[in-house]
Amino acid sequence: MRKSVQLTSAILLLAVLLTACRSSSVSESSTSASSLEKTVTVGFSQLGAESDWRSTNTESMQTALSRENGYNLIYKNGQQKQANQVTALRMFIQQDVDYIVLAPETETGWDFVLKEAQEAGIPVIIVDRRVDVEDPSLYTCWVGSDFDLEGRKVAAWIHEYTQSKGIEGQDIHIVHIQGTEGSTAQIGRTRGLTNAVRMYGWDLLAQGDGDFTEVRGREVMASFLRQYDNINVVYCENDNEAIGAIAAIEAAGKKVGPDIANGEIMVVSFDGINADAMQYLKEGKISCIAECNPHHGPRVQALIETLERGETPDKYNYVQETLFSSVQEIKSVTVGDESYEVTIVK
Ligand code: GYE
């Protein structure tokens, strides 16, 4: 009798533990093995194809939400226009898809169409950037990066590196090439820089919209170089812009690198996906890159499968990211009370 009570309790405990494990929403190691009982139709509205980050993200989604994994994926490329994304969402609603996945271009302007999805009873998963809506119940959950933290880590790296070289805040003359205005990645990364400018007394010479593309990065940097001759730091909000900026700097006959005391122009950036940018990092042409992880496919898949099991995933799901640099001296950076290790790339 006693034994069977013990056995029952052990089975119960095991069941509780298993449920607890299963309800944890996005696992980093989530594999493509599907637990679906029927084919799930997903409408995915991607914002565009502006960068290497974006193409990798699209691929990740298409691979995870594949036929083999039990999905019927309807993919729509918004071509960098919110209006196209709204049209795609309306089409998904008409087709009565099981889920809508939205990678929004900018944060605002989603209330109406998300209300329509809600009224149609279609759960919406937001991926990468966020939406700024009055009523957060208009979407089920979100998965993406902590863009504020990314910005603060890069700013901390610039601060700690220049301090280690004895360079004063007022001698740091920065130009800032921003990402698409109003996107969460732009807002967070810009905030990281703006706070640092205020805190350390850096000289912020100019800001311009590079729209996360190489072409715009090059154009904006070329125009900054025509206007200012004392630029020594370029804060680019993604690697594609950084590649464009480096081309402009080199075309102007200047040298990129971290040695700003000796006339080099330091370039810092975000993503760490583009192979050319990683090569530039190794060569010291880009001094530091905050990793931004685009592999959200398996994470979205895990969220859908959690919902399919009738469980509730966490509303906000952040991805862990590192900071890359080939500069040996700075091994970690401090943001608030936290210390973050730098991944030294050789
Ligand atoms: O950093 C940039 C892309 O929203 C995180 O968008 C994304 C950003 C990424 O175009 O390269």
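The model described here is predicted. Its secondary structure comes to ten helices and 14 strands.

**Overall dimensions**
- The protein has a radius of gyration of 23 Å, which agrees with the value near 20 Å that a compact globule of 346 residues would have.
- Along the principal axes, the C-alpha atoms fill a box of roughly 80 × 55 × 35 Å.

**Interior and contacts**
- Of the 346 residues, 53% are buried.
- Among contacts between residues at least 6 apart in sequence, 71% join residues at least 24 apart.

**Surface and charge**
- The protein exposes about 15,600 Å², and carbon and sulfur atoms supply 49% of this area.
- There are 30 positive and 49 negative charges, and their mean positions lie 4 Å apart.

- His-176 belongs to strand β6, which covers residues 173-178.
- His-176 has a relative accessible area of 0%, and because buried means under 20%, this residue counts as buried.
- The side chain of His-176 makes a polar contact with the side chain of Glu-237, at 2.7 Å.
- Leaving aside neighbours within four places in sequence, the residues in contact with His-176 include Thr-190, Leu-193, Leu-204, Phe-224 and Tyr-235.

Technical notes
Residues numbered from 1 in each chain as written. Predicted model: local features only at pLDDT ≥ 70, side-chain atom pairs only at ≥ 80, totals over all residues. Heavy atoms only, no water. Helix = DSSP H or I, 4+ residues; strand = E, 2+ residues; numbered from the N terminus. Rg over C-alpha atoms; globule rule 2.2 N^0.38 Å. Buried < 20%, exposed > 50% of the residue type's maximum accessible area, 1.4 Å probe, protein only. Contact = heavy atoms within 4.5 Å. Areas by Shrake-Rupley, 256 points an atom, 1.4 Å probe, with all protein chains shown as cover. Lys, Arg positive; Asp, Glu negative; His and termini not counted. Charge placed at Lys NZ, Arg CZ, Asp CG, Glu CD. Polar contact = N/O pair within 3.5 Å; in protein donor to acceptor, adjacent residues only side chain to side chain.
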